[in-house]
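Hi,

Here is the model I promised to pass on. Have a look at it first, and my notes follow below.

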Amino acid sequence: MSLFSRLSAGLKRSRESFSAILPKSKKVMTEADWQDIEDALVMADCGAHLAAEMVELAKRDSRDPRGSLARAMRSRLRCDKPMNVPQSGPFVLLVVGVNGTGKTTTIGKLATMYRQQGKKVLIGAGDTFRAAAVEQLEVWVNRAGADIVKQQTGADPASVAFDTVQRGISRGYDVVIVDTAGRVQTDKGLMDELGKVRRVIAKSLEGAPHEVWHVVDGGTGQNALAQVDKFRDTAGTTGLIVTKLDGTAKGGILVQLVERFMLPIRYVGVGETLEDLMEFDAENFSNSLLSMPEEENGAL
Ligand SMILES: Nc1nc2c(ncn2[C@@H]2O[C@H](COP(=O)(O)OP(=O)(O)OP(=O)(O)O)[C@@H](O)[C@H]2O)c(=O)[nH]1
Ligand SMILES: [Mg+2]
């Protein structure tokens, strides 16, 4: 199964509802038709406000409701912010998020991707709470052909982050990725600890962390908004990765996240193996979510 078909399969529920109500050919739309579309957008996790706004936009070109809705969604999913890549020295990436969203797995996928590009990759085992967390990371790191910096269980994650960046600099790594333990955004102690990790990385190399990616579980629903809001304040999030889109995610939350926070979605996770990472593409995603006919014909 291709990565794209895994994404489409994951979005099945939303796709089916849009497929049923969006006319496949030109038709005169009634107010009730538009209301059905707005309801489906809300059910797909787009949020009431954004659903109404997208329908308003789509109504402007009511001869082609499917196409105009897809364009409205696509424009809200686009956030063309260039990646902050250093001129020299390692690209330092900090990965954050609540428990179990897929941070460690995603780091394995990213390490694999960067290795395939011929880059030298170093990973910092910043989740020092559980020995198992380091072991899990080590498995991915070995498979990816990257290297790891770790300390004993219970060590200060900021110290691991510092060591990792230092080694990244002294041994000439191209990419340094720091893993962190999952934490709930309402836990002040743990959020303060994350703030410290970020500050220590900033002190260890000017301009670092170059990117801070918040890994969000695509099946989370509205709570994802509160998570991204709080992590952004503490960790200085610069981009999002949405995982588990091969599962039962409804998809619309991505539109809300980009629109509300103006943060780009860099990648999406569509499975549990090291290959299951896709660069995010607003057009493909909105076409898939809205079950566009071109896409049904396999043109994408
Ligand atoms: N189906 C699917 N499962 C995923 C994806 N990404 C991660 N997972 C699974 O989600 C579970 C948690 O993944 P982890 O990478 O351990 O998540 P984490 O954020 O590091 O977790 P903590 O460190 O405990 O906070 C694992 O069972 C992964 O296999 C994805 O894109 N699709
Ligand atoms: Mg983890």
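How many residues of domain 1 are in contact with domain 2, and how many of domain 2 with domain 1? The contact takes in 19 residues of domain 1 and 23 residues of domain 2, where contact means that the C-beta atoms of two residues, placed from the backbone, lie within 7 Å.

Before the rest, some housekeeping. This is a predicted model, so local features need pLDDT of at least 70 and side-chain atom pairs count only at pLDDT 80 or more, while totals for chains, interfaces and linings use all residues. Residues are numbered from 1 along each chain as its sequence is written, and chains are lettered from A and ligands numbered from 1 in the order in which they are written.

**The two domains**

Domain 1 covers 3–79 + 288–292, and domain 2 covers 91–281; these bounds come from an automatic or database domain assignment. Their centres, taken over C-alpha atoms, are 31 Å apart. On the side of domain 1 that touches domain 2, the elements giving two or more residues are helix 1 (3–10), helix 2 (12–21) and helix 5 (65–77). (Helices, H or I with at least four residues, and strands, E with at least two, are DSSP runs numbered from the N terminus.) Helix 1 gives the most, with five residues. By class, that side of domain 1 has 12 nonpolar, three polar and four charged residues. Here Ala, Val, Leu, Ile, Met, Phe, Trp, Tyr, Cys and Pro count as nonpolar, Asp, Glu, Lys and Arg as charged, and the others, Gly among them, as polar.

Two strands pair if DSSP finds at least two bridges between them.

Strand 1 (residues 91–96) runs parallel to strand 5 (residues 211–217), joined by four bridges. Strand 1 also pairs with strand 4 in the parallel sense over four bridges. L93 has E211 as its bridge partner in strand 5, and stands opposite I177 in strand 4. Strand 2 runs parallel to strand 4, again with four bridges, and G124 stands opposite V178 there.

Both faces of strand 4 are covered, with V175 and I177 buried on one side and V176 and V178 buried on the other. Buried means that 20 or more other C-beta atoms lie within 10 Å of the residue's own, with C-beta atoms placed from the backbone; exposed is 12 or fewer, and partly exposed is in between. Strand 7 is largely enclosed by the rest of the structure, because four of its five residues are buried. Strand 7 pairs with strand 6 in the parallel sense over three bridges, and V242 stands opposite V268 in strand 7.

**Helix 10 and helix 11**

The axes of helix 10 (residues 223–235) and helix 11 (residues 253–261) come within 10 Å and cross at roughly 35 degrees. Axes are lines fitted to C-alpha atoms, for helices over the stretch in contact, and angles run from 0 to 180 degrees between N-to-C directions. A224, L225, V228 and R232 in helix 10 meet I253, Q256, L257, R260 and F261 in helix 11. That contact has six nonpolar, one polar and two charged residues.

Cheers
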